[in-house]
Amino acid sequence: MTAITRLQQLQLLHHPPLTLRRSILFHKPKQLTRSRPRSFSTSPILCSNNSHNTPESSASTVGANASIVGDLLDYLNESWTHFHATAEAKRQLIAAGFHLLNENDEWDLKPGGRYFFTRNMSCLVAFSVGEKYTVGNGFHVIAAHTDSPCLKLKPRSASSKSGYLMINVQTYGSGLWHTWFDRDLSVAGRVILRGSNGSFVHKLVKVKRPLLRIPTLAIHLDRTVNKDGFKPNVETQLIPLLASKLEEASVETKEKSTTTSSKAAHHPLLMQALSDELESNIDDIVSIELNVCDTQPSCLGGGNDEFIFSGRLDNLASSYCALRALIDSCKSPGDLSSEQAIRMVALFDNEEVGSGSIQGAGAPTMFQAMRRIISCLADKYVGEDAFERAIRKSFLVSADMAHGVHPNFMDKHEEYHRPEMQKGLVIKHNANQRYATSGVTSFLFKEIGKIHNLPTQEFVVRNDMGCGSTIGPILASGAGIRTVDCGIPQLSMHSVREICGKEDIDIAYKHFKAFYQAFSSIDKKLNVDS
């Protein structure tokens, strides 16, 4: 074999030959088979391989020094949309022994039990009940969100321009839309299919091959773009290209079908791609709800593979760390034996557009669940309202990605609050309550890190700049629950391709797991309103 340099090796790893790239891009992943989150290999991971371990090989537990980064990459690559993120979380919870509940049914809960439910397949609440729980004890919650800025297909997406088939889209959230140009894009989301017996079936779909592209205008036709900036009109210039219009006449569907409202609204070529992926007839697709997605896999990057390059880090990185921390904090016999509280994860949708939806944090989903849990566990309890007492003993960690300091734009950060990647969770403060952190909640959360030797950082926005917000203030004010806002530092937030530090993922996971395991004992040591 011809000797190659280390540089050439790295180039081959990051930029494989075209034939290999094609096999990766068009490879159909095997059916998910893991019964629980897999342990992470210490060898470098350049991208998720989508190959899930067998139950035997994944039986080992995650040790104190093990990493969840490999599992996060798998989760990100499965979770092209908020629907897929919720479905993958559901799969992992069931594999870990959690019992699926339905909000429409009566619940039968017991101390020591582990449960979850989904809403709209884009919102999820999971919880484990301490074996020593008594009515009036609190909830220890980590809340995050499943949605990210993206492009969504309009109800009537079919259009054509200058001999091309185009896909009309809506902008969702505050994305850096210029980063979506010249990317290999596709579609994913959910569809409703007509069943054989007259019923309807809800299914998720993901077209893995590059299907769409938003081409930039050549500099020869826009000579001042580098001086004046690239400022595309999001209604007229942010329209993905699907195919040449000439191809429309040559598209032959697998079966001759009558024109339906769904087909009239969307290009037959797009509907055929969905039909092929679903292995169904086009006529059976009665409704679609699709996002435009970047097809490039999430992977490690940087000179030492110390970064994670991925879309949707905001906020699937937080969601996964919280989910995994809950699963791992109560998976062994005895993990809940001395717990007096209820440990909970709440993953909401629509945070990027204000949370005002039935599946968003603005809905009473989490607090309704808390009331039902208390009612189920109350048995014959007679006394003062248990929910209000429980809320006063509860604590919420609002986990959403944080702004790491940008080396090329350091002046955008307040001089003494410049969070760095690889240095731990960032606690967010804002005097005007754009974040819900207080001096007390910040202290309690930092104390957990201090006891477990986990670093924390702090962030405040400059006085001459506006401040973003999170679901923290929404939930804190919803029922009066103590809240701290924190996040993993990242760069390129709301870009189609974001970046965060590999070490911060493991730090966040360990901090969240320690929160579940240790908060009850720490909270008893501080009484503010006595």
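**Salt bridges, burial and a cavity**

In this predicted model, the structure holds 17 salt bridges.

Q: What makes the contact between Asp71 and Arg324 a salt bridge?
A: The closest N and O atoms of Asp71 and Arg324 are 2.9 Å apart. A salt bridge requires a side-chain nitrogen of Lys or Arg within 4 Å of a carboxyl oxygen of Asp or Glu, so the pair qualifies. Asp71 belongs to helix 3 (residues 69-78) and Arg324 to helix 8, so that distant parts of the chain, 253 residues apart, are linked.

Q: Why does Asp71 count as buried?
A: The relative accessibility of Asp71 is 1%, and buried means under 20%; Asp71 therefore counts as buried.

Q: What makes the contact between Arg183 and Asp294 a salt bridge?
A: Their side chains meet at 2.7 Å, N to O, and the cut-off is 4 Å. Arg183 lies in the loop between strand 6 (164-172) and strand 7 (185-194), whereas Asp294 lies in strand 10; the two are 111 residues apart. Asp294 is buried, because its relative accessible area is 6% and the limit is under 20%.

Q: Which residues do salt bridges with shared partners join into one network?
A: The network consists of Asp71, Arg324, Asp328 and Lys331.

Q: Why is Asp108 called exposed, and why is Lys110 called partly exposed?
A: Asp108 has a relative accessible area of 56%, and exposed means over 50%, so Asp108 is exposed. Lys110 has 47%, a value between the limits of 20% and 50%, and is therefore partly exposed. Asp108 and Lys110 form a salt bridge, with their closest N and O atoms 3.2 Å apart.

Q: How many cavities of 30 Å³ or more does the structure hold, and what lines the largest cavity?
A: There is one cavity of 30 Å³ or more, and the largest cavity has a volume of about 250 Å³. Its lining comprises 28 residues, with Trp80, Ser148, Pro149, Cys150 and Arg312 nearest its centre. Strand 10 supplies the largest share of the lining, four residues. By class, the lining has ten nonpolar, eleven polar and seven charged residues.

How values were computed: Residues numbered from 1 in each chain as written. Predicted model: local features only at pLDDT ≥ 70, side-chain atom pairs only at ≥ 80, totals over all residues. Heavy atoms only, no water. 1 Å grid on protein atoms, 1.4 Å probe; cavity = no way out; pocket = protein on both sides within 12 Å on 5 of 7 lines; lining within 4 Å. Points joined across faces, edges and corners; volume = space filled by probe spheres on them. Nonpolar A, V, L, I, M, F, W, Y, C, P; charged D, E, K, R; others polar. Buried < 20%, exposed > 50% of the residue type's maximum accessible area, 1.4 Å probe, protein only.
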